[in-house]
Amino acid sequence: MDDLTLALPDAAATLALGSRLARALVPGLSIWLRGDLGAGKTTLTRGVLRELGFTGRVKSPTYTLVELYELPRFNLYHFDLYRFADPDEWEDAGFREYFNPASVCLVEWPDKAGGRMPAPDLAVELEFRDEGRVADVRSFSAMGMACVERLKSS
Ligand SMILES: Nc1ncnc2c1ncn2[C@@H]1O[C@H](COP(=O)(O)OP(=O)(O)OP(=O)(O)O)[C@@H](O)[C@H]1O
Ligand SMILES: [Mg+2]
């Protein structure tokens with residue numbers, strides 16, 4: 001069962017969900033963003049970062065695999081593992097350290113890590129529906145569940 005399902009008729013709705021999610025975040029959360037190419041994962045991340053006061057360009061870390069945003073309340077790591085190929089790179093790059101109680105991780109294409117990543121607290125699955133998208137939000141921990149509750153009441 002999904003904890004929360006939301007219709008996102010246009011890109012503005014995806015950004016707005018990002019804003020809501022941003023307000024529900026606490027340090028330590030790890031969130032997987034699933035969905036096909038172009039489903040809106042980076043758009044959602046952009047909405048999160050805008051709400052948290054980041055005014056620069058939010059680019060997809062397609063080649064660098066991860067982008068760090070040093071925000072007032074926590075460090076936010078935005079992963080895009082689409083081109084992740086070498087499992088050894090996971091350890092070598094020190095990605096494991098990014099998943100810690102003081103940071104928030106948003107991960108596009110988590111399944112490309114082949115099980116290297118710690119389990120998430122929350123997963124957002126974006127699916128195509130007509131011209132827009134549908135978001136399914138699911139929690140996998142008490143922290144994730146609390147985040148969904150804050151999201152629902154926002
Ligand atoms: N709810 C929506 N309805 C319609 N279009 C949307 C919606 N959300 C985002 N888009 C549009 O979809 C396009 C692709 O979005 P985005 O780059 O965020 O996808 P992505 O999931 O990150 O893709 P990739 O897997 O390639 O990284 C953008 O043009 C964005 O404006
Ligand atoms: Mg993307």
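A residue is called buried if 20 or more other C-beta atoms lie within 10 Å of its own, exposed if 12 or fewer do, and partly exposed in between, with C-beta atoms placed from the backbone. Helices (H or I, at least four residues) and strands (E, at least two) are DSSP runs, numbered from the N terminus.

## Basis of the report

This is a predicted model, in which local features need pLDDT of at least 70 and side-chain atom pairs count only at pLDDT 80 or more, while totals for chains, interfaces and linings use all residues. Residues are numbered from 1 along each chain as its sequence is written, and chains are lettered from A and ligands numbered from 1 in the order in which they are written.

## The sheet

The strands form an open sheet of 7 members in the order E1-E7-E6-E2-E5-E4-E3, with mixed pairing. Two strands pair if DSSP finds at least two bridges between them. Strand E1 (4-8) and strand E3 (66-70) are the edge strands, each pairing on one side only. From one strand to the next, the twist averages 15 degrees; for such angles, axes are lines fitted to C-alpha atoms (for helices over the stretch in contact), and values run from 0 to 180 degrees between N-to-C directions.

Strand E5 is paired in the parallel sense with E2 over 4 bridges and with E4 over 6 bridges. In these pairings, tryptophan 32 stands opposite valine 107 of E5, and leucine 76 stands opposite valine 104 of E5. Because 5 of its 6 residues are buried, E5 is largely enclosed by the rest of the structure. E2 also pairs with E6 in the parallel sense, over 4 bridges, and arginine 34 stands opposite glutamate 125 in E6.

## Strand E7 and its neighbours

Strand E6 (residues 122-129) and strand E7 (residues 132-139) run antiparallel and are joined by 8 bridges. Across this pairing, alanine 123 has arginine 138 of E7 as its bridge partner, phenylalanine 128 has arginine 133, and arginine 129 stands opposite glycine 132. The hairpin of E6 and E7 has 2 residues between the strands, and aspartate 130 there takes a positive phi near 50 degrees. E7 also runs antiparallel to E1, to which 5 bridges join it; alanine 7 stands opposite valine 134 in E7.

In a regular strand the side chains alternate between the two faces of the sheet. Is glycine 132 exposed or partly exposed? Glycine 132 is partly exposed, because 15 other C-beta atoms lie within 10 Å. Leaving aside residues up to four places away in sequence, glycine 132 touches Ala7, Leu8, Pro9 and Asp10, where contact requires C-beta atoms, placed from the backbone, to lie within 7 Å.

## Helices and nonpolar core

Helix H1 (residues 11-24) lies across E1 and E7 and runs at about 145 degrees to E1. Helix H2 (residues 41-51) packs on the sheet, where it touches strand E2 (30-34), E3, strand E4 (75-80), strand E5 (103-108) and E6; its direction makes about 160 degrees with that of E5.

A nonpolar core is a set of buried Ala, Val, Leu, Ile, Met, Phe, Trp, Tyr and Cys residues joined through C-beta atoms within 7 Å. The largest such core has 33 residues, of which Ile31, Leu33, Cys105, Leu106, Val107, Leu122 and Val124 touch the most other members. H1, E2, H2, E4, E5, E6, E7 and helix H4 (142-152) each supply at least two residues of this core. Valine 124 touches Ile31, Leu33, Leu44, Ala135 and Val137, not counting residues up to four places away in sequence.

## Surroundings of ligand 1

Ligand 1 is surrounded by 18 residues, the closest being Ala11, Gly40, Lys41, Thr42 and Thr43. A residue counts as near the ligand if its C-beta atom, placed from the backbone, lies within 6 Å of it. H1, H2 and E7 each supply at least two residues of this shell.

By class, the shell has 5 nonpolar, 8 polar and 5 charged residues. Here Ala, Val, Leu, Ile, Met, Phe, Trp, Tyr, Cys and Pro count as nonpolar, Asp, Glu, Lys and Arg as charged, and the others, Gly among them, as polar.

Note on methods: Contact = placed C-beta atoms within 7 Å.
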